[in-house]
Amino acid sequence: MKEWFSDRHLVFLVAMNVVVVLLATAVSGGLFIDIDNLQSMGGQVSELGILAIAVMLAMISGNGGIDLSVVALANLAGVVAGLVVPHFFSPDDAPVAFTLGFVGLSLLVGAAGGLINGLLIARGRMTPILATLGTQLLFTGLAVGLTNGSAVRIGYVEALSAIGNETLFNVPIPFLIFIAIVALVGFVLKRSPFGIRLFLMGTNPKAARYAGIPENRMLVFTYTFCGILAAIAGIIIASRTSSAKWDFGSSYLMIAILTVVMAGVKPEGGYGRALCLFFSATTLQVMSSAFNLVGISSFFRDMAWGALLLLSLASSRFDLRAFWPLIRSPG
Amino acid sequence: MNRKLICSALALAFLGAAGTLYAQGKQQTITTVVKITGIAWFDRMEAGVKEFGTQNAGIKTEQTGPGQADAAQQLRVIEDLIAKKVDALAVVPIDPAALEPVFKKAMSRGIKVVTHEADNQKNTMVDVEAFENAAYGARINDRLAKCMGEAGKWTSFVGSLGMQSHVQWAEGGAANAAKKYPKMQLVDAKTESNNDATKAYEKAKELLRKHPDIKGFQGGSSVDVLGIGRALEEAGLQGKVCVFGTGLPSETAKYLESGAINGIAFWDPKDAGLAMNKIAKLLLDGKTVTDGMDLGIKGYDKVKVTKGPGGGIVVKGQAWVDADKSNYKQYPF
């Protein structure tokens, strides 16, 4: 039953993708499926998609799980790496070492930030929404304090720039990273003991506790992983903008949550599918790019996203096919 | 006979194809990307963008921008426009640093790039500034000083610390006061309003609590003076505390009348929109802007051209406007 339900949602999301792509292609006279536009969309969807996966994992873990600090942490990781790494490796003389250092330090900052979240929630017994709201402000404040509020310019470093801007067999590298993470998270959630425990913990924490699941360790691990995902998004952002700034993507958090909810992840925990999240993220992206291509106001885009969310919720609550005979044979 | 027919048919087809190509090459698109859509300032700029389109038959102009003032959203809009293959981009960047790679990409694909309010932008062909930012900040500061009797505590606002021009106005004002008015004391400089009147109002209230003896406010973003004015009205301080800053006549009218805002300064975004599009057209025609050139737009009739931080140039006009209660009605925006 559950499997069937989730598939129905997946069908809805894939159908929305197809509908939007077909409509946009028709209206733009084929420009929409031009390789340039496909690459541009693939590059854009990744950072938001990865942030959404982090929010999804937190949500699945239950107990009102959510991670509001992801965008702030992504920016903090970029800011710290952008400030520190040039002191050790010259971006001009050792571009590869610089890039490795940048990636490594960003991931470290992300893991540390995620660990703080995990400890606050697991050991401190704080509600996730409050704990991560607090750390969101903390991370943002740190990034502002370190930079005095201005952008950290990284400049053009070939290897680092490649992460966000180059393509491999015509597929943008950030998109490949996004797909790899979707596949990894999808596998872990569905096939690994960790994923099964996480679902149980989210569905029924009491039962999980009696089943001997190490709740605290699971939570700390999950939020640390969220932090690492945030850092990966931060690296892609830094690469795509060759800079890092505390307020980049200030609109991303709500969009990430929207992506997660539209993907059918249960806000109360215990259920979520990586594949649905992928298609949820691409739906929002193709809609947004289609509107820009045709020249429709971004306010209309927000409205359309809202309508899509309601439709998506409806599709998971009611079987839309029940209405089909009514439409086919009126009266 | 038959051969002649084929030849003429071929020639006709060729002509037709050439004609289509010519027509495609002729109608060029200049897209203006603003920081945020739906605020009066950029609505006024859109008037200039549209006017340029109607004046130039071969050019299609349009204006777009993100719904939230987020550099990430603006970047996405520009990426989509590059994929759309526009001929020229005229951009008012939220954060110039974040747009460097995307501008580089645009130029590598032959798209002409013109920016406004971003004289630190490296990857741009021409950056247009209405005036020297520091001089503009100093000019507002002079008016503020006169109102304050050249003494007392004052503070400055910026939209955000990442907004290059706002920071330069605030610093230009501060440098001016430090040089000319030793009795003026700058407190909590460069308060961020996030380009939000409500935020500016809250920050102004905080500052009034912190410094009950404050005598002057210098606004940065065009909505800062609105928030400050509202806070002063609520505290019954209109006329007692001086407020000067960038603002739009239509938005500030109420406070200019009540005296909560003493004076505003601005450049006409419509003229800035015209100037950006005019320069984009020059670039599309294979020309450029030279020192002392007349762009045929008010305030940009004798522009100053300097080398930019990257490969491009910076063009500066003298397009500022001082307004107060007595003359704001002359500017219908």
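Me: Which residues of helix H9 (residues 249-258) of chain B are buried, and what covers them? Please place the helix within its chain, and then the chain beside its partner.

Reply: The model is a predicted one, and every value that follows is computed from it.

The helix in question, H9(B), runs over residues 249-258 of chain B, and its buried residues are Glu251(B), Thr252(B), Tyr255(B) and Leu256(B). These four cover an arc of only 120° around the axis, which puts them on the same side of H9(B). An α-helix has 3.6 residues a turn, so residues three or four places apart point the same way. Just after the helix, Gly259(B) adopts a positive phi of about 90°.

Most residues other than glycine have a negative phi. Lys85(B) has a positive phi of about 65° although it is not a glycine. Its place is the loop between H3 and strand E3 (88-91) of chain B. Lys85(B) counts as partly exposed, because it has 14 C-beta neighbours inside 10 Å. Lys190(B), likewise not a glycine, has a positive phi of about 55°. This lysine lies in the loop between strand E7 (184-186) and strand E8 (191-192) of chain B. Lys190(B) has 20 other C-beta atoms within 10 Å and is therefore buried; the cut-off for that class is 20 or more.

Helix H3 of chain B spans residues 71-83 and contains Val77(B). Val77(B) is buried, because 23 other C-beta atoms lie within 10 Å. Neighbours within four places in sequence aside, Val77(B) is in contact with Val33(B), Thr64(B), Gly65(B) and Pro66(B), and also with Asn292(A) of the other chain. Between Val77(B) and Lys104(B) there are 27 residues of separation in sequence and 15 Å in space, C-alpha to C-alpha.

Another local element of chain B is a strand pair. Strand E12 (residues 304-307) and strand E13 (residues 313-316) of chain B run antiparallel and are joined by four bridges. Within this pair, Thr306(B) stands opposite Val314(B) of E13(B). The two strands form a hairpin, with five residues between them.

Chain B as a whole has 10 helices and 14 strands. Its C-alpha trace spans about 100 × 35 × 35 Å along the principal axes. Of its 333 residues, 54% count as buried. Among contacts in chain B with a separation of 6 or more, 70% are made by residues 24 or more positions apart.

The chain is divided into domain 1 (27-131 + 269-319) and domain 2 (133-266). The C-alpha centres of these two domains of chain B lie 28 Å apart. Their contact takes 10 residues from domain 1 of chain B and 11 residues from domain 2 of chain B. On the side of domain 1 of chain B that touches domain 2 of chain B, the residues divide into six nonpolar, one polar and three charged.

The C-alpha atoms of chain A fill a box of roughly 75 × 60 × 35 Å, taken along the principal axes. In chain A, 50% of the 331 residues count as buried. Contacts in chain A with a separation of 6 or more come to 78% from residues 24 or more positions apart.

Where the chains meet, 33 residues of chain A are in contact with 28 residues of chain B. Several helices of chain A each supply at least two residues of the side that touches chain B, namely H2 (35-60), H6 (158-165), H10 (215-241), H12 (274-294) and H13 (298-317). The residues of that side of chain A divide into six nonpolar, 20 polar and seven charged.

Methods
Residues are numbered from 1 along each chain as its sequence is written. Chains are lettered from A and ligands numbered from 1 in the order in which they are written. This is a predicted model: local features need pLDDT of at least 70, side-chain atom pairs count only at pLDDT 80 or more; totals for chains, interfaces and linings use all residues. Two residues are in contact if their C-beta atoms, placed from the backbone, lie within 7 Å. Ala, Val, Leu, Ile, Met, Phe, Trp, Tyr, Cys and Pro count as nonpolar, Asp, Glu, Lys and Arg as charged, and the others, Gly among them, as polar. Domain bounds come from an automatic or database domain assignment. A residue is buried if 20 or more other C-beta atoms lie within 10 Å of its own, exposed if 12 or fewer, and partly exposed in between; C-beta atoms are placed from the backbone. Two strands pair if DSSP finds at least two bridges between them. The arc is that of the directions from the helix axis to the C-beta atoms.
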